[in-house]
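Here are my notes on this model. Please read them with the structure open.

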Amino acid sequence: MTDSDTPWEPPIAGSEAEHLLGALDRLRTTFRWKADGLDAEGLRARVGASALTLGGLLKHLALVEDHLSTVRLTGAPLGEPWESADWDGPDWPFTSAAHDSPADLYALWDAAVERSRARIGAALADGGPARLVHLSWPDGRHASLRRLLCDLIEEYGRHTGHADLLREAVDGLVGEDPPAGWQPDNHR
């Protein structure tokens, strides 16, 4: 198996930034694989009493990617498509996803991840993981880019676990990593 068969695999011995991005991309890829290729019913499926759905997680994580890579990173406004959305509370990304088409949810997440990768990549090039970001505490201390990346890794770790359970309930798909050569189904 070559590296091109598993581009999401973190480096064996890389720099701090390469390891942070590698861990994040592995979780992003595993999450996208768990959510991939489903119709509206599959994206709205729930397990037990939980209101979580794969569609809701796609929308929530798209928002997290954009929020972290704008507001927290630089202080820039969140931007579209979020600013013109009809928010009805903090659970809006989770609940409103039931009204979005699968194609829209996948495109929303895919685009947010690409924007986030570009913004984080530029910030890493301009100071590395120790670079201070806009996010600050009441006493004036600013977080580092390292902290933002660790927060994003934590967010994906939590929700990729949720996606494991949800996807298994939808169609029985299980596994830790996508199969070698996997690519998202962008033909919806």
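1. Basis. This is a predicted model: local features need pLDDT of at least 70, side-chain atom pairs count only at pLDDT 80 or more, and totals for chains, interfaces and linings use all residues. Residues are numbered from 1 along each chain as its sequence is written, and side-chain values use heavy atoms, with hydrogens and water left out.

2. Overall fold. The protein has six helices and two strands. Both kinds of element are DSSP runs, numbered from the N terminus: helices are H or I with at least four residues, strands E with at least two. Their order from the N terminus is α-α-α-α-α-β-β-α. The radius of gyration is 17 Å, close to the 16 Å that the globule rule gives for 188 residues, so the protein is as compact as a globular protein of that length. (The radius is taken over C-alpha atoms; the rule is 2.2 Å times the number of residues to the power 0.38.) The C-alpha trace spans about 45 × 45 × 30 Å along its principal axes.

3. α1 with α6. Helix α1 covers residues 16-35, and helix α6 covers residues 145-171. The two pack at an angle of about 25°, with axes 9 Å apart. Axes are lines fitted to C-alpha atoms, for helices over the stretch in contact, and angles run from 0 to 180 degrees between N-to-C directions. α1 and α6 are therefore roughly parallel (under 35 degrees; over 145 is roughly antiparallel, 65 to 115 roughly perpendicular, the rest oblique). The contact (heavy atoms within 4.5 Å) includes Leu20, Leu24, Leu27 and Phe31 of α1, and Leu149, Ile153, Tyr156 and Thr160 of α6. Its residues divide into 14 nonpolar, four polar and six charged. Here Ala, Val, Leu, Ile, Met, Phe, Trp, Tyr, Cys and Pro count as nonpolar, Asp, Glu, Lys and Arg as charged, and the others, Gly among them, as polar.

4. α1 with α5. Helix α5 spans residues 102-125. Its axis comes within 12 Å of that of α1, and the two cross at roughly 180°. They are therefore roughly antiparallel. Among the contact residues are Ala17, Asp25 and Arg32 of α1, and Trp109, Val113 and Ile120 of α5. The tally is nine nonpolar, one polar and five charged.

5. α1 with α3. Helix α3 (residues 54-74) packs on α1 at about 150°, with the axes 10 Å apart. This pair is therefore also roughly antiparallel. Arg28, Phe31, Lys34 and Ala35 of α1 meet Leu54, Leu57, Leu58, Leu61 and Glu65 of α3. By class, that gives six nonpolar, no polar and three charged residues.

6. End of α6. What follows this helix? Glycine 172 does, with a positive phi near 85°. α6 itself has 27 residues and reaches 38 Å from first C-alpha to last, close to the 39 Å expected at 1.5 Å a residue (1.5 Å times one less than the number of residues).

7. Cis peptide. Please check the bond joining glutamate 80 and proline 81: it is cis, with omega about 10°. Proline 81 lies in the loop between α3 and α4 (92-96).
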